[in-house]
Every structure is written in C-alpha cells, then in structure tokens.
Amino acid sequence: MTQEREIFSLSKSRFIQGLQCHKALYLHTHNPELADPVPPSREAAFQVGFEVGELAQGLFPGGVFIPYDPDNYDGQVARTKAEMEKGTEVLYEAAFSHDDVFVKTDILRLGRYGWELYEVKSSGSVKDYHVPDLAVQYYVLRGAGVAVSRVCLVHINNQYVRNGDLEPDKLFTIEDLTDTVVEMGDFVKAELAKMRETLKGEIPSTDIGPYCTDPFDCDFQGHCWRDIPEDSVFTLRDRGVDKFALYRNGIVRLKDVPLDTLNSRQRQQAEFFLGKKEFTDAEVLKSFLDRILYPLYFLDFETYMVTIPLYDGTSPYQQVPYQYSLHYLEHEGTVLGHYEFLAEPNVDPKKDVAANLCREIPDNACVLAFNAPFEIRVLRELAGTFPRYKAKLERIIDNTIDLAVPFRSRQVYHWEMNGSYSQKVVLPLLVPELSYANMEVADGMMAMDAYFTMCESKDPQEIAEIRSNLLKYCALDTLGMVRILERLQEIAKNGGSIKGKE
Ligand code: SF4
C-alpha cells in the first residue's frame, strides 16, 4: 500500500473509533505517539474476546480459519475468496475489502438463502454500538459482492448455568439484526466519507465531551484532558448538574460553580471541599451504632467475575468468592480474633467458602460489611447454590449491617472524602496508620489478577508470595472495618474531628 492509501484506508475498528470521535481517529492515524499507555485491562479484555470468539465457533463447527496478518491484508482477502469459491461453507475471521475499508467477520456461514454473518461479543446483551459494527461489515461484504442474507449478533446468555462441558448453543444467544443493519447502508457510506475528509485535513478542534468514555474509554484522554485541574467540576459525584455544560460555559473549577445550580449532595460536596469543612450528625450516628451487637463479625469477600463460567453451578459474569477475611469480637473489648480463607488454585471455591463461613459465624452474630449489598449478593448466590447451607447463610444475611451507611448518607462527612464513601477513601482518613499504600495488592482488581496469576503459576515460590499478598490485602479490609468502627464509636462519644491523627 502507498502511504496515502494507508492513511485513508479504514477498518472496522477505526470506523467505530471515528463514530465515537473524529479527533481520536485522526490522532490514531497521524499522532499515535500521543495515545495513553495500554492498560492491562485491555489485554485481559482482548484475551476474553478471543476465548469467547473461539467458543462461539462451536455454534457452527468445522469452518476454515483465515489467520490475521497485519502485513498482508490483500492475502487474507484473497484466501477468503478462494475458500468461498471452492465451496467452503463456514469461515472464521473471513477478510473482505471494499471502498478502502478492511473488515474481518467473526463467523460467516452459507445458509439456505445466502451468506449469514455472525459477529460475536462477550457482552450479555445487544448494545447500541454493536449495530454500526455490524453495519460496516455488511456494507463491505455487499460491496465486495457477497450475497448476505442474514446479519446477527452473537452474545453471551447470562442466564446460562454451567453443567459439565460448555454448551455453545446454550451459552450464546443469537439476535437477528438484519433489518436494522440493512437500513444503515447510506449512513455508513456518509460517515466513511466524513472520516476520510477529517483524515485529510488539520487536527479536529473537538473538545472533551461525554464521548471520551462512552461507549469506550478513548486512548487519548491523557492528551486531551491534560489541562483539566484536579479540583475541576468533573470531580462532582452523583447525578445532577451537567458537568460538560458547566465546562462548555467556561466553568472548570469547583470554586467557579454557582452553588444554586447543584443538587443538595453535589452542593454539599462543593461547599465542604471549598471550605475544608466536616460534619457529624452525632445523634443519627449513635442510633446507627446502637444497632451493632456482639458477637461481632467483620466480613469482606474477594471475588472474580468471568465471562465464561469456570465451574458447574455458575453463570457468566457471576461474582464468585475465592477469598474472605473475617475478624471477630466475641464481646465488646475482647481480643480481636481472625479467620481467613483463600482458595487453592484451580479449585471451585464456592462450597468451601459457604461451609467455612457457616462454621465460623455463630447464629447470633452481628455481621458488619463495608458496602454490604455486595457481600449480601454473594451470600445470597451461595445460599441459592447450596441448599444445605441456605438457612444459615440467610441468617447471616439477615444479621448483616452496612458499615458504609454513615458515610454514604453523610452522617459523617469530611471534605477530603470529596463525595466518595469507598473504604479506600474512608480508611486512610479516619485511621491514617492503616493504608493500602505500598501494598503489593491494593485493590479488588489487583487481587483478582493476582489470584488468576496464582492459578496459572507453576512456581511454588511465586504462588506462596501471591498467597501472602492476597491474605495481607483482604485482612487489611476487615481490620480496617474494626478500626473504622472504633473511630466512629469514639466520635459519637467524644466528638472531635473525623480525621484521625497521623
Ligand atoms: S479524549 Fe475525547 S476529545 Fe480527545 S480524542 Fe478522545 S474522545 Fe476525542
């Protein structure tokens, strides 16, 4: 390809990028060095997409695979053409080119009325942005002379429950989008023309907008958002004022926002941040603390969520607990006890988690969790999976209290929380001596990645190190809850600042 043809050639992914933002398409083509470093989550998502794509091929087995070759697009197109001419009826990753647009189709099958195109996605439903993805493929295939009779999206059926070997016909749902896609031919043609005009011209003057993260995180946020200050209107939490409307009106910093345009929570956030204020509703806090009884158990789960269920009895995207930490106090003022659990690599952890928790938490225990709806959801799923533990797990659920409530409802609020009530923000504020800084595993995503690294590792030393890091991290979550509760009790009794002494 000549340099010029390379620049004005497009692909399915560049078309989707251009629909999100022409500037992103332009920068990708002319200034790729301005892109943010590729986040590890991108590689993980790519791997999931690859595995899901391979599994979906099981819906139409026996096809011929056309390998991707970034240095030889024409060769892939020629190989596809040759396979179709020789009578191959199912193709995986077939390649086509038309109007200088190159596309690969996940699955192409010769049906009774023509070629059927199947695009495979690892989401649990059809999303708006899937439609132009299919439309550009249809445009190219039709233009290349392929008689396409059906255009479908294949997505994950999130109601599927694994039972033995994976069954592609149950794991996937096929949605026929032919009519919608066919109607978009003119739209695709017009958008392609606009994108080529953009690529030929100067860098677009597009300013930041909601499209920087919707439908995908743009690769150029570091570049385009570089002048947005830390105390900007974009730090405002919750739904409420249109932050981009403020920005477009020249209101960038919190100090410049007219407070009467904000709802009560956003206004409180801004006022407290600007005035460096804090607030405690001692009476409401005391009523909350009065509900907490002994024996008292502090529970935190670590879970993984995968698209393709690994074990029987689990569904796509289910939160599967592989670890928990459980600190406990039998009576007020007694020595703190601790239980913990971390699954062995490559073993279904659910039953051991359910059995151990039922053994360790007494019937009359009060259970504290930070953001308890998450822990309750996991307990409920365990109760649904194991009838033997159902009654006990339901008792635990009934006895669970959410330690995040005083922070979420802002009975206890400090300007440094800046609208957040996450434990990662609350803990270092109230208990500065406990912190996630310098920990090898410092958040839930890192914990999940570490757990899967441990599952893949064959090195006993590496496995031991990861185990130790995971146990330290999860234990800090529940020890943090113990200390947060102590600080809340102290504040309710003696008053004083929410912020703990360094
Ligand atoms: S960060 Fe926003 S404005 Fe910049 S290229 Fe991406 S989508 Fe466009």
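D99 lies in the loop between β3 (90-98) and β4 (101-110), where helices (H or I, at least four residues) and strands (E, at least two) are DSSP runs numbered from the N terminus. The phi of D99 is near 55 degrees, a positive value in a residue other than glycine. This is a predicted model, in which local features need pLDDT of at least 70 and side-chain atom pairs count only at pLDDT 80 or more, while totals for chains, interfaces and linings use all residues. Residues are numbered from 1 along each chain as its sequence is written, and side-chain values use heavy atoms, with hydrogens and water left out.

**Backbone features**
- Most residues other than glycine have a negative phi, and most peptide bonds are trans.
- D99 is partly exposed, at a relative accessible area of 33%; buried means under 20%, exposed over 50%, and partly exposed in between (1.4 Å probe, protein chains only).
- D100, also found in the loop between β3 and β4, has a positive phi near 60 degrees and is partly exposed at 27% relative accessibility.
- A cis peptide bond with omega of about 10 degrees joins D214 and P215; P215 is in the loop between α9 (185-200) and α10 (221-224).
- Y294 and P295 are joined by a cis peptide bond with omega of about 0 degrees, and P295 is in the loop between α13 (282-290) and β9 (296-305).

**Ligand site**
- The ligand is surrounded by C21, A24, D207, Y211, C212, C218, F220, Q221 and C224, each with a heavy atom within 4 Å of it.
- This shell divides into seven nonpolar residues, one polar and one charged; Ala, Val, Leu, Ile, Met, Phe, Trp, Tyr, Cys and Pro count as nonpolar, Asp, Glu, Lys and Arg as charged, and the others, Gly among them, as polar.

**Helix α12**
- Helix α12 (residues 264-275) has twelve residues.
- Its buried residues are Q266, Q268, Q269, A270 and F272.
- These buried residues pack against α11 (243-248), β8 (278-280) and β14 (412-414).
- Just after α12, K276 takes a positive phi of about 50 degrees.

**Overall chain**
- The protein chain has 20 helices and 14 strands.
- The C-alpha atoms fill a box of roughly 80 × 60 × 45 Å, taken along the principal axes.
- Of the 502 residues in the protein chain, 48% are buried.
- Among contacts (heavy atoms within 4.5 Å) between residues at least 6 apart in sequence, 69% join residues at least 24 apart.

Technical notes:
The expected span of a helix is 1.5 Å times one less than its number of residues.
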